[in-house]
Amino acid sequence: MKSNKQRRAEIVARRLARADRLRVQMKTPQDARGFAVQPGCVPADTVLLARLNNSYGLPSFYLDRPFTCRDCGAQAVWTAKQQKWWYEVVRAHIDSRAVRCLPCRRARRTALAASRAAPGANRLGDEVAWLRAVSAAPPDAQTEARVEAALRSKWDGVRKVAIEVLGRWRRPADLPRLREWAHDESLGRWSAVRRAAAEALAAASNEKTT
Ligand SMILES: [Zn+2]
């Protein structure tokens, strides 16, 4: 009686051998058209792919793709059929690839679900939701202290929403630091924090900023 693990190992071995065979047979994409009916090679819906992706070099067929699992280092095969499902049914980006074997993918999914369910796991989300709910009314000392802490957060998402609170409060005393953040080159040109600061500044001072 074979264990599931043994059976799975045999399937992977067969797929690896098949991928090797196909690689030898298909030197060019033209060859693939002749083999497109074989298992391990599946024609792509080129019209759909062109509609979903605006990049060049879209595949006209999928070939079993051997890869090394990022987590456990095992040899695995991403089958042509799985690729077709991934790109055409899930409609994932054409540059995305399978990087983990099936057992590692399952283990990761379980671990992620567990970490999301853990208490405190969504603290960031809670903080952002709280900041969004802070009204434009003059703040009490406690609210003010919590917003100040959020302004110093290491998470840009939290800082950005805290800055939006300053925009709602429109306090003249905040103008200098809003101006400073809006022009802080070290944050990068497309920083959400900078953009939020520029918008808060405009709201607080009615001055146009660029
Ligand atoms: Zn693995």
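Reply: The zinc ion is coordinated at 2.3 Å by the SG atoms of Cys69, Cys72, Cys101 and Cys104. Donors here are N, O and S atoms within 2.8 Å of the metal (3.2 Å for Na, K and Ca), and water is not among the atoms, so sites may look incomplete. The angles among the four donor atoms run from 105 to 114°, and the site of the zinc ion is tetrahedral. Four donors get that label if all angles lie between 85 and 135 degrees. Along the sequence, the donor residues follow the spacing C-x2-C-x28-C-x2-C. The helices (H or I, at least four residues) and strands (E, at least two) are DSSP runs, numbered from the N terminus.

A word on the source: this is a predicted model, in which local features need pLDDT of at least 70 and side-chain atom pairs count only at pLDDT 80 or more, while totals for chains, interfaces and linings use all residues. Residues are numbered from 1 along each chain as its sequence is written, and side-chain values use heavy atoms, with hydrogens and water left out.

Cys104 is buried, at a relative accessible area of 15%, whereas Cys72 is partly exposed at 45%. Buried means under 20% relative accessible area, exposed means over 50%, and partly exposed lies in between (1.4 Å probe, protein chains only).

Helix α5 also holds Arg108. Arg108 is partly exposed, with a relative accessible area of 39%. Between Arg108 and Asp71 there are 37 residues of separation in sequence, but the C-alpha atoms are 9.5 Å apart in space.

Next comes helix α4 (residues 80-89), where Ala80, Gln83, Tyr87 and Glu88 are buried. These residues lie on the same side of α4, because they cover an arc of only 100° around the axis. The arc is that of the directions from the helix axis to the C-beta atoms. In general, an α-helix has 3.6 residues a turn, so residues three or four places apart point the same way. Lys81 and Val89 are exposed on the other side of α4. Among the elements that cover the buried residues of α4 are β1 (41-43), α3 (46-52), β2 (61-63), β3 and β4.

Just after α4 comes Arg91, in the loop between α4 and α5. Arg91 has a positive phi of about 65° although it is not a glycine. Its relative accessible area is 45%, so Arg91 counts as partly exposed. Arg170 also is not a glycine and has a positive phi, of about 50°. The loop that holds Arg170 runs between α8 (156-169) and α9 (175-182), and Arg170 is partly exposed at 49%.

Arg132 is exposed, with a relative accessible area of 53%. Leaving out residues up to four places away in sequence, Arg132 touches Lys160, Val161 and Arg168, where contact means heavy atoms within 4.5 Å. Arg132 and Ala162 are 30 residues apart along the chain, and their C-alpha atoms are separated by 8.2 Å.

Technical notes:
Tetrahedral: all angles 85-135°; square planar, octahedral: opposite > 155°, others 65-115°.
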